[in-house]
Number of protein chains: 2
Amino acid sequence: MADESLFDFLHMEIVSHIYREQQSSKEEMDHKDRAVCVSVLESMGFRVGQGLIERLTRDSPSFKDELDVMKFVCKDFWTKVFKRQIDNLRTNHQGTYVLQDNTFSLLTQLSNGKQYLDQAPKYLAFSCGIVRGALSNLGLDSVVTAEVSVMPSCEC
Amino acid sequence: MADESLFDFLHMEIVSHIYREQQSSKEEMDHKDRAVCVSVLESMGFRVGQGLIERLTRDSPSFKDELDVMKFVCKDFWTKVFKRQIDNLRTNHQGTYVLQDNTFSLLTQLSNGKQYLDQAPKYLAFSCGIVRGALSNLGLDSVVTAEVSVMPSCEC
């Protein structure tokens, strides 16, 4: 529906705006330019994630451990932000968590399969930031990265 | 709720990003710099508005006249984007329309009253673009401006 599209469209505009402004002075973007764009998007996401989790957890009881926090992120947080729950949560019980979303909403507008796989990182940076921001406000410092092997599924 | 906040937070991030990048090389922004920022935000909104209205009108019958289009924008479109209907629509029947929203969602985060009135334009540019984009895709070329006399109400 259109209210979800609002965020999707706005997100696409930001991605293209940030890539365009970085590229404006050059003919082609190198690895470093792309890293700057990803980092700008990621830090935008970080602040949005912080804001969102603050509202979402206003009436929640405190969490009993890290896993409890991760479950909340996979279920409640993911549903609010990306309109669905995480499909699969795995952990090595040593602080590494893998969240798998098989139909990641920000990738569904891209062609399925492997054709545009190299374009995926720019559409994931903001979301990684959102997750890192949310975890940070819940007291967990983290490194969040995303991997896509086949669109529109995503692991982070 | 958080799903609305997602758009609000993202919108705030974009506004501050665009103002920051414009200001980066200077000590203070002049009138021209501010106009550039407003124009960047407005054209982002334009494209988002085009995308949204395309989805929203997919199953709608065609509109019989300009007023019919404006009513759709005030009711269905406004509700989808800003979560409420327009409070008041006035027209001079010569192509000028005034839409009044007494609790405009993108201004409710700012302090009520007149204290931050000078900050309002930057939070309205994107929305003006959204409306202009929507109207443009419905076949109406328009000029959309916004006015705020007391927060959080807005006329455009």
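How many salt bridges are there between chain B and chain A? The count is two, where a salt bridge is a side-chain nitrogen of Lys or Arg within 4 Å of a carboxyl oxygen of Asp or Glu. The model is a predicted one, so local features need pLDDT of at least 70 and side-chain atom pairs count only at pLDDT 80 or more, while totals for chains, interfaces and linings use all residues. Residues are numbered from 1 along each chain as its sequence is written, chains are lettered from A in the order in which they are written, and side-chain values use heavy atoms, with hydrogens and water left out.

Take the interface to begin with. Here 29 residues of chain B are in contact with 29 residues of chain A, contact meaning heavy atoms within 4.5 Å. About 2700 Å² is buried between the two chains, and carbon and sulfur atoms give 72% of that; buried area is the accessible area (1.4 Å probe) that two parts lose on being put together, summed over both. B:Leu6, B:Phe9 and B:Leu10 supply 23% of what chain B buries against chain A, more than any other three residues. On the charged side, A:Arg47 forms a salt bridge with B:Glu13, with the closest N and O atoms 2.8 Å apart. The largest share of the side of chain B that touches chain A comes from α1(B), with 14 residues.

Over all chains, the structure holds eight salt bridges. One of them pairs A:Arg132 with A:Glu42, the closest N and O atoms being 2.8 Å apart. A:Arg132 lies in helix α4 of chain A and A:Glu42 in helix α2, so the pair ties together parts that are 90 residues apart in sequence. A:Glu42 is buried at 15% relative accessibility, whereas A:Arg132 is partly exposed at 24% (buried means under 20% relative accessible area, exposed over 50%, partly exposed in between, with a 1.4 Å probe and protein chains only).

Another salt bridge joins A:Arg84 to A:Asp101, the closest N and O atoms being 2.4 Å apart. A:Asp101 is buried, at 0% relative accessibility, and A:Arg84 is partly exposed, at 23%.

Back to α4(A), a helix in the DSSP sense (an H or I run of at least four residues). Its 18 residues should span 26 Å at 1.5 Å a residue, and the end C-alpha atoms are 27 Å apart, which agrees; the expected span is 1.5 Å times one less than the number of residues. Of those 18 residues, 14 are buried. After α4(A) comes A:Gly139, with a positive phi near 90 degrees.

Methods
Helices (H or I, at least four residues) and strands (E, at least two) are DSSP runs, numbered from the N terminus.
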